[in-house]
Amino acid sequence: MLYQLVKPFFFSQDPEHIHEQVMKGLIAVSKVPALQTALEPFTVFEDPRLKIERFGLKFPNPIGLAAGFDKNALAVRAWPALGFGFLEVGTITALAQPGNEKPRLFRLPEDLALINRMGFNNDGADVVAARLQGLNLAQQPLKIPLGINVGKSKVTELEEAPEDYRTSMTKLSPFADYFVVNVSSPNTPGLRQLQDKDKLAELLAVATDPAVCTGKPVLLKIAPDLTDTQIDEVIELTRSFPLAGLILTNTTISREGLTNDPQQTGGLSGKPLTARSFEVLKYVRSAVGKTLPLVSVGGIFTADEAYWRLRAGASLLQVYTSFIYEGPQLAANLNRGILERLKADGFVRLEDAIGVDA
């Protein structure tokens, strides 16, 4: 209710500016345990039936925050207090970079969507590693798994990309519960070429090297714009390298389904991506079965949409754009709704429902 009152003001501001202001508030929450405790009755829905374990990690619920919101790991301790079952920071690159020129983030309220061409703006692996070191996670563990999403520095040539990822992962591995190899953002020139079979194989050989990931689970995030043949090639590579899972999907360069196309370049997220990301999930699940955990992201706004994806074979879910449109109670509402649907269908726990429609 409160968010719906302040949302018109937020949406009257420049999207990136208001994002920065919200992050300042979350940073404050992350530094004050009393604020976290005060938030939790309104934003956290807990039930042991929602717990799930995948790739050696325990998740209190299946709803995670996707990469892109807390790019620089600035508010890490705030996110459990907002009800999320896991957090993914980044995308982080080996070199600090400012990203693309502004404006680079656009709301499409009539379509419940965003377009972004941020360009991996981030503080770089050295700074983020130092920031995470300062959180003293070994002695004061985060309540939820922490994923670190890594990408290629803009100035790094494609041929040198594996070493660029190696640098980031090596510096960040002490703090990651899992890694995500991001080769699917449309906003770094040439990045999506790393999804080509040969280039991707070279990259995965480095990213999954135990000396690089230090035994941490490594997931791969792919684009929704891949053809079935390209997806098949990715699936083939998952059988050649010890990937812990796939994240399906990143933003799209398609403008299909928009009420009004603002003619802005960048990746489209939100409601227009709902159908395609669900389609990719079902296609990949049919190919890999239960052998590989799948994380579904893209256009998840309602408990029904979340529940259908779990039944279709997703083990975990991520949100970003819906968090902006629905507000800080989103994770709690989704988790509450998932549990209601589990009970209505006669399932004892979340695990029992995963993949039943696959």
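Predicted model: local features only at pLDDT ≥ 70, side-chain atom pairs only at ≥ 80, totals over all residues.
**Entry 1**

Residues are numbered from 1 along each chain as its sequence is written, and side-chain values use heavy atoms, with hydrogens and water left out.

I then asked which residue the side chain of Glu305 meets in a salt bridge. The partner is Lys271, at 2.3 Å from N to O, where a salt bridge is a side-chain nitrogen of Lys or Arg within 4 Å of a carboxyl oxygen of Asp or Glu. The pair links distant parts of the chain, since Glu305 sits in helix H10 and Lys271 in the loop between strand S11 (267–270) and helix H9 (274–288), 34 residues apart; helices (H or I, at least four residues) and strands (E, at least two) are DSSP runs, numbered from the N terminus. Lys271 is partly exposed, at 29% relative accessible area.

**Entry 2**

I stayed with H10 and turned to helix packing. Two packed helices are described by the angle between their axes and the distance between the axes. The axes here are lines fitted to C-alpha atoms, for helices over the stretch in contact, and angles run from 0 to 180 degrees between N-to-C directions.

For H9 and H10, I noted axes that come within 10 Å and cross at roughly 15°, which makes H9 roughly parallel to H10. For H10 (residues 303–312) and H12 (residues 330–344), the axes come within 8 Å and cross at roughly 60°, so H10 is oblique to H12. The classes are set as follows: angles under 35 degrees count as roughly parallel, over 145 as roughly antiparallel, 65 to 115 as roughly perpendicular, and the rest as oblique.

I also checked the handedness: H9 passes H10 in a right-handed crossing, and H10 passes H12 in a right-handed crossing as well. A crossing is left-handed if the near helix is turned anticlockwise from the far one by less than a right angle, and right-handed if clockwise.

**Entry 3: further salt bridges**

I recorded 17 salt bridges in the structure. One of them joins the side chains of Lys102 and Glu20, at 3.9 Å from N to O, and this pair links distant parts of the chain, with Lys102 in the loop between strand S4 (86–92) and strand S5 (105–108) and Glu20 in helix H2 (residues 15–31), 82 residues apart. Lys102 is exposed at 55% relative accessibility, while Glu20 is partly exposed at 35%. I found that Glu16, Glu20, Lys102 and Arg104 are linked in a network of salt bridges.

Another pair I looked up is Asp47 and Arg49, whose side chains meet in a salt bridge at 2.8 Å, N to O. Asp47 is buried, at 14% relative accessibility, and Arg49 is partly exposed, at 31%.

**Entry 4: backbone geometry**

Most residues other than glycine have a negative phi, and most peptide bonds are trans.

Phe55 is found in the loop between strand S1 (52–54) and strand S2 (57–59) and is buried, with a relative accessible area of 18%. Asn136, likewise not a glycine, has a positive phi of about 55°; Asn136 lies in the loop between helix H4 (125–134) and strand S7 (146–150) and is partly exposed at 32% relative accessibility.

**Entry 5: Thr93**

Is Thr93 buried or exposed? I found Thr93 buried, at 0% relative accessibility, in the loop between S4 and S5. The C-alpha atoms of Thr93 and Asn149 are separated by 8.9 Å, although the two residues are 56 residues apart along the chain.

Key
Buried < 20%, exposed > 50% of the residue type's maximum accessible area, 1.4 Å probe, protein only.
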